[in-house]
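Good morning, colleagues. Please look at the sequence and the model while I take you through a few selected parts of the fold.

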Amino acid sequence: MALPFLKSSAKQRDHIVAVDLGVRTTKAVYLQRRGSSYSLAGYTLQDAPIYEKSLSSEILAEHLKQVLPALGARTKQVIVALGVNDAVVRQAELPMQGLPEMRQMLKFNSKGYLQQDYPAHVWDCYILPPKGEMGAEKKGVPKVKVLAGGVKQTLLNDVVAAVKAAGYNADMVVPGLIGPINAFEVSMPEIFSKEVVALVEIGFKNTSISILSMGEMVLSRVVGIGGDKITAGLAESKGITYAEAEGIKIGIPEEVSAELEPLLIPLGRELRASIDFFEHQEDKTVSQVFVSGASASSDFIVQCLQNELMVPCKRWNPISGLQLALSGEALAMAESVAPKLAVAVGAAASGMN
C-alpha cells in the first residue's frame, strides 16, 4: 500500500531510505535487500527543526543534511512520510477507471467524492481488493472502493525541493498514516491477513487508529491527543518541568499513576468510540490492539489503554520482520527504539515492490 504522491522509480530497490517527518522527532531508517527480504542497516532519531508558522523548504533542507548522512546509506533516493496534519487519507468509492483518471477526479471534485473540499491538493489512489462481486454498481456504472491520499501541491513541492537541496532525490512521498499498516504487514503477516485488529500510533500531537479486517483497512481516525498533551498535563498536575514529566511518564509512570491515569482516559475513550463504531457497522469484533509510538515504550500506558478499551493491548515491534544489520550501540538500542520507527519502516515498505 504505497499511495505515493510522487514516485520516480518503478524498479525494485536494493537500498531504501525512508524519513518520517515527525512534529517533535524525525525518524529515519535505511534498509538493504537481502535476497527476498530486507535488513535494517541503519536508523536515526533527531530533534525536528523548530519553526514558528510553517516548515520552510530551506529549514527542512538543512535538517535533512543532518539526518540523512547519519544513516550511512548507499543511495541518494529518499522516501518521505508526511504526518497526519499534512497528508489526508480517506476511503472513497470511485468509477472504475485508471489511476490517472481517479487522481484527476479527486483533484477537481474532492467534495463530490469525499464530502469535503480539499483545494489545491495532489491525490493518489490504492484500489482496495474487491470482496465478492467485482465492484458496486449504480445505474450501470461499475465502481470500486479505493484508499485515497492527498497533500497540498505547495507542500509537496517544498518537500521535493528540500530533499534536492540536501543533495538527495525524493523517490516517493507518502502519507504517514499508512506507515504502521505497512510495517505491521511486514512484521506480522499472519495476524495482518487473518485477524481483525486495531493499530494505534501515539504521536506527539495526535494519535491515529487504523482498524484492519483480514488485511484491509476498514476504518482510520486521527484523535487530537498525543504524548505532548499527556506530558504537559502531568507536568502541570505535579508542578514539575516538562522534561521531568516526560522522563517520569516513560521511566517510572507507576509513581505518578494517580495523575497519569486520568490523562489517559480521554484518549482511551476516543479510541474505544472508534472501535465501537467499527464493530456496530461491520458486525465484527476487534481481537487485539497493537500500540506503537514513543509512549508505547511505557508498559503502564499500554495497560491503561487496555483497561479503557477492554481489548487486549500490546506494544509491537515494527522491525521484527527485518533482519538486523546493526552493530554497537545501534544494535543494543534497537528494541527499545523500535516502537518509534513504525511510520518510517512502513514508509520504507512502500518502496519494497
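Predicted model: local features only at pLDDT ≥ 70, side-chain atom pairs only at ≥ 80, totals over all residues.

I begin with helix 12, where the buried residues are Ala342, Val343, Ala344, Val345, Gly346, Ala347, Ala348 and Ala349. Buried means under 20% relative accessible area, exposed means over 50%, and partly exposed lies in between, with a 1.4 Å probe and protein chains only. Helix 12 is thus mostly covered, with eight of its eight residues buried. Helices (H or I, at least four residues) and strands (E, at least two) are DSSP runs, numbered from the N terminus.

Residues are numbered from 1 along each chain as its sequence is written, and side-chain values use heavy atoms, with hydrogens and water left out.

What does helix 12 pack against? Helix 5, residues 179–187, packs with helix 12 at an angle of about 75°, and their axes are 7 Å apart. That makes helix 5 roughly perpendicular to helix 12, the word being used for angles of 65 to 115 degrees, with those under 35 called roughly parallel, those over 145 roughly antiparallel and the rest oblique. Axes are lines fitted to C-alpha atoms, for helices over the stretch in contact, and angles run from 0 to 180 degrees between N-to-C directions. On the side of helix 5, the residues are Gly179, Pro180, Asn182, Ala183 and Val186; they meet Ala342, Val343, Val345, Gly346, Ala347 and Ala349 in helix 12. Contact means heavy atoms within 4.5 Å. The residues of this contact between helix 5 and helix 12 divide into eight nonpolar, three polar and no charged. Here Ala, Val, Leu, Ile, Met, Phe, Trp, Tyr, Cys and Pro count as nonpolar, Asp, Glu, Lys and Arg as charged, and the others, Gly among them, as polar.

In the largest nonpolar core, which has 41 residues, Val29, Leu31 and Phe184 touch the most other members. Helix 12 gives the most to this core, namely seven residues. A nonpolar core is a set of buried Ala, Val, Leu, Ile, Met, Phe, Trp, Tyr and Cys residues joined through side-chain atoms within 4.5 Å. Leucine 31 lies in strand 3, residues 25–34, and counts as buried at 0% relative accessibility. Beyond four places in sequence, the contacts of leucine 31 include Tyr38, Leu322, Ala348 and Met352. For phenylalanine 184, again leaving aside neighbours within four places in sequence, the contacts include Ile191, Leu199, Phe290 and Trp316. There is also a second, separate core of 32 residues, which includes Ile202, Ile275, Val291 and Leu309.

Next, the strands. Strand 5, residues 77–82, has five of its six residues buried, so it is largely enclosed by the rest of the structure. Strand 2, residues 15–21, runs parallel to strand 5 and is joined to it by three bridges; valine 19 stands opposite valine 80 there. Strand 10, residues 169–175, also pairs with strand 5 in the parallel sense, over six bridges, and alanine 81 has valine 174 of strand 10 as its bridge partner. Two strands pair if DSSP finds at least two bridges between them.

Elsewhere, an open sheet of five strands has the order 13-12-11-14-15, with mixed pairing. Its edge strands are strand 13 (216–223) and strand 15 (313–315), each pairing on one side only. Neighbouring strands of this sheet are turned by 20° against each other on average, direction ignored. Helix 10, residues 299–309, packs on the sheet and touches strand 11, strand 14 (288–293) and strand 15, its direction making about 160° with that of strand 15. Within the sheet, strand 11 (residues 196–202) and strand 12 (residues 207–213) run antiparallel and are joined by seven bridges.

Finally, two loop residues deserve mention. Most residues other than glycine have a negative phi. Aspartate 283, however, has a positive phi near 55° and sits in the loop between helix 9 (257–282) and strand 14. Methionine 310 also has a positive phi, of about 60°, in the loop between helix 10 and strand 15. Aspartate 283 counts as exposed at 72% relative accessibility, and methionine 310 counts as exposed at 66%.
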